[in-house]
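Dear colleague,

Here is the structure I said I would pass on. My notes on it follow below.

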Amino acid sequence: MSETALRDLNTVPSSDRKTESSSKGSFTKPYVGSAIENVDVSLVSTKINGNDAMNAAVEIVNSEFEYVESENLIDVEDVDSSIKTLLVGLDSKDWVLICEALNNVRRLSIFHKESVLNMLGDVIPLVVKSLKNPRSTVCKTAIMTSADIFNAYNDHIIDSLDPLLTQLLLKSSQDKRFVCEAAERALVAMTTWVSPVLLLPKLQLYLKNRSPRIRAKASMCFCRSVPRLGVEGIKTYGIDKLIQIAASQLSDQLPESREAARILLLELQTVFKKSHDLTPTELTPTTVSEDPEIDSWEHFCHSKLSPLSAQAVLRVTNIALEGLVIGS
């Protein structure tokens, strides 16, 4: 992980440090759908004199502040022109131009993804720059852009992922709700479209972050990624390694971390039992143990964890098993 990413992680946004309201402003623009945020009209005009100025302000607000979902985006009019102006727009000091460029990244990623593939190394750092922008409109648009990048480019972004992941974890941990929710959706897109084999080692670094909120969001991502490995993939990655990670999160400060750990442990228990409940045709001298206890989940937990951690893991998994028995 880069030094910049680590430095960003160590500064968690404070709820008191707000430069732009997420839901209120001195001017409420006409509402179009559910994806438009209220914007301070001072961003458009310091004074409004007459109906013409008001109409102009409203027109700009309506055209620039609607957050369009991915499925509703339309193709760019001129691919070559959009690509040529993309980096300049992303690096602009005009926040409206930045948002336009971010939306063009989204459109190109959806409709012409090959055209941006070779530019990702330049595009992603500028998206990260927009994620750090104190203006909520720019920040949320960059978050939505990140989700579309994950969807379009999958593992191609892995070399540039660290700073992007850092910012998304930070944004998903802050108090500004509409930014937080967008960041959480982007993290879901990341765990859906990026290979878990490549993603899990990166997420693991954040599980020990000093911010409990960061740890909680990383735990949830980790929990979502592991099942995508599949049974054989989990065995290859190492159930012993994964159970140690999950056990360490069981005692974490926030309930989100503990719940993610519980879900992960149940997944690992299921995989463990599947790998040990072999059919007769699958049995070999190396898979048969003279002592059935050695092949038990309880023995496995005690052999891989400290006594206290093993007890905590068994308590969680046994309660879940008892619930299933009672429910049946």
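Arg135 sits in the loop between α6 (120–131) and α7 (136–153); helices here are DSSP runs (H or I, at least four residues), numbered from the N terminus. With 21% relative accessibility, Arg135 counts as partly exposed, a class that lies between buried (under 20% relative accessible area) and exposed (over 50%), using a 1.4 Å probe and protein chains only. Trp95 is 40 residues from Arg135 in sequence, and the two are 8.2 Å apart in space, C-alpha to C-alpha.

This is a predicted model, in which local features need pLDDT of at least 70 and side-chain atom pairs count only at pLDDT 80 or more, while totals for chains, interfaces and linings use all residues. Residues are numbered from 1 along each chain as its sequence is written, and side-chain values use heavy atoms, with hydrogens and water left out.

Helix α14 (residues 255–276) has 22 residues and reaches 31 Å from its first C-alpha to its last, close to the 32 Å expected at 1.5 Å a residue; the expected span is 1.5 Å times one less than the number of residues. Its buried residues include Ser257, Ala261, Leu264 and Leu268.

Which way does α13 run relative to α14? The axes of α13 (residues 239–249) and α14 come within 8 Å and cross at roughly 155 degrees. That makes the two helices roughly antiparallel. Axes are lines fitted to C-alpha atoms over the stretch in contact, with angles from 0 to 180 degrees between N-to-C directions; over 145 degrees counts as roughly antiparallel and under 35 as roughly parallel. Ile239, Leu242, Ile243, Ala246 and Gln249 of α13 are in contact (heavy atoms within 4.5 Å) with residues of α14, among them Ser257, Arg258, Ala261 and Leu264.

Helix α11 (residues 212–225) also packs on α14, at an angle of about 20 degrees and with the axes 8 Å apart. The two are therefore roughly parallel. From α11, the contact is made by Arg215, Ala216, Ser219, Met220, Phe222 and Cys223; from α14, by Glu256, Ser257, Ala260, Ile263 and Leu264.

Helix α8 (residues 161–172) has twelve residues and spans 16 Å from first C-alpha to last, close to the 16 Å expected. Eleven of its twelve residues are buried, so α8 is largely enclosed by the rest of the structure. Those buried residues include Asp162, Gln167 and Lys171.

Regards

Terms used
Angles under 35 degrees count as roughly parallel, over 145 as roughly antiparallel, 65 to 115 as roughly perpendicular and the rest as oblique.
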